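Please open the model in your viewer, with the sequence panel beside it, and follow the stops below in turn.

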Amino acid sequence: LIGGGRDNLVENNVFVDCPISVHVDARALNWAKATGESWAKEATEKGTLLGIAYNQPPYSERYPELPRIMDNDIKAPEGNVIVRNVSIGGRFDGIHADARPFVEIGTNLVDVDPLFVDAAKGDFRLRAESPAWAMGFQPIPVEKIGLYESPDRATWPVVHSVRPKESYTPPKPPPPTAQVRRAASPVAIDGSLNPEEWNGLKAEQAIPLAQTENGDQARHPSRAWLAHDGEALLIAVDNAMNPGGTIRPGNQWGKDDAVELAFRHVAAGPAAPILVLRGYPSGHFASSDEARAPAAAVQRAAAGVAYAARIEGSNRWTAEWRVPLASLGLEPGQPLRLAFNLTVRKTSPAEWVMWRGDHVATWHVEKAGGWLELVP
């Protein structure tokens, strides 16, 4: 797993039945771009990276490529080489499209029988007639791997029994459920949270957005209020920031401040898509295909949606949505239950703040988020 890193050599490995053998992404060119930009600024202004004089000994001597890191785009995953590997079963190439131009992929033996000595018994040495030798694969010295006799050992041979693993995973609480009732007053989608429109904006009626993507307590929570008008969902979000921070009002998910809505109509069956809408402080919104919904469903999800945002000073912004039920593939007028998550991307400090996180993507409503019940 190369998460945007540079100058990694992936060579002479054997991958067997891996979901992905080699992953490379370019995160510093997209959702983590701000981090890369901060590195470049420090290197330009101070000649250091994270306080380290990277272009001076001993660093420049130990890592000769390091002094040249600013010659091209510091954020790009350059210098990664993937060569002379064996991969059988699963998927070998997990290189993201935006990273691929920077990765050197040499000769690898992929999905061709490498002729293991005895894979059924865990012996993954290669036989003399293996096609891997022709590409320059070198024998892995498995005979040198493991314990060895030494005068420093207390006993030899080493004999011990393995205790059963003792672990306890506490049961997870059930996903939260929020009842969405009909709005008492008409709501103007203008980004300004009017208490008269939202039943007083009472804290006890809000959905708390107080967890990170790992389920930990967020440093700077937000709140949301939900209602419906019989034809559409109405959503208001109040985003408080770090008192000393600033709002990034651009239109790029992960880089700029934003609100994400994720829906899935579970009763529609296992093929029901996850629909993702994202809105920004600029007033722009978009329907995303990141959850791999079909293109027609992604386009339909944005149909008729009204969105507005308002920046309320340097460290607070608000947003309002009106999302037609028909855009989500729902029939108005019927009791409905939706898998749902609501996430706020905060950039100062960088944090994902949501209804419920569970070590998955923000939109992964099978695990993250909870349930919405629309009460007619």
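**Stop one: a hairpin**

Select Ile 311 and then Trp 317, which stands opposite it in β20. These residues belong to a pair of antiparallel strands, β19 (residues 306-311) and β20 (residues 316-324), joined by six bridges; strands here are DSSP runs of E with at least two residues, helices are runs of H or I with at least four residues, and both are numbered from the N terminus. Two strands are said to pair if DSSP finds at least two bridges between them. Now move to the turn, where four residues lie between the strands and Gly 313 takes a positive phi near 95°.

Before going further, note that this is a predicted model, in which local features need pLDDT of at least 70 and side-chain atom pairs count only at pLDDT 80 or more, while totals for chains, interfaces and linings use all residues. Residues are numbered from 1 along each chain as its sequence is written, and side-chain values use heavy atoms, with hydrogens and water left out.

**Stop two: another hairpin**

Select residues 207-211, strand β13, together with residues 217-228, strand β14; the two run antiparallel and are joined by four bridges. Gln 211 stands opposite Gln 217 in β14. Five residues separate the strands of this hairpin, and among them Gly 215 takes a positive phi near 85°.

**Stop three: a parallel sheet**

Next, display the open sheet of three strands, whose order is β3-β6-β9 and whose pairing is parallel. Its edge strands, each pairing on one side only, are β3 (14-18) and β9 (109-110). Strand β6 (residues 86-90) is joined to β9 by two bridges, and Ser 87 stands opposite Val 110 in β9.

**Stop four: the whole chain**

The C-alpha trace spans about 80 × 55 × 45 Å along its principal axes.

If you colour by burial, you can look for the buried residues (under 20% relative accessible area, with a 1.4 Å probe and protein chains only), which make up 41% of the 376 residues. Of the contacts (heavy atoms within 4.5 Å) between residues at least 6 apart in sequence, 62% join residues at least 24 apart.

Technical notes
Buried means under 20% relative accessible area, exposed over 50%, partly exposed in between (1.4 Å probe, protein chains only).
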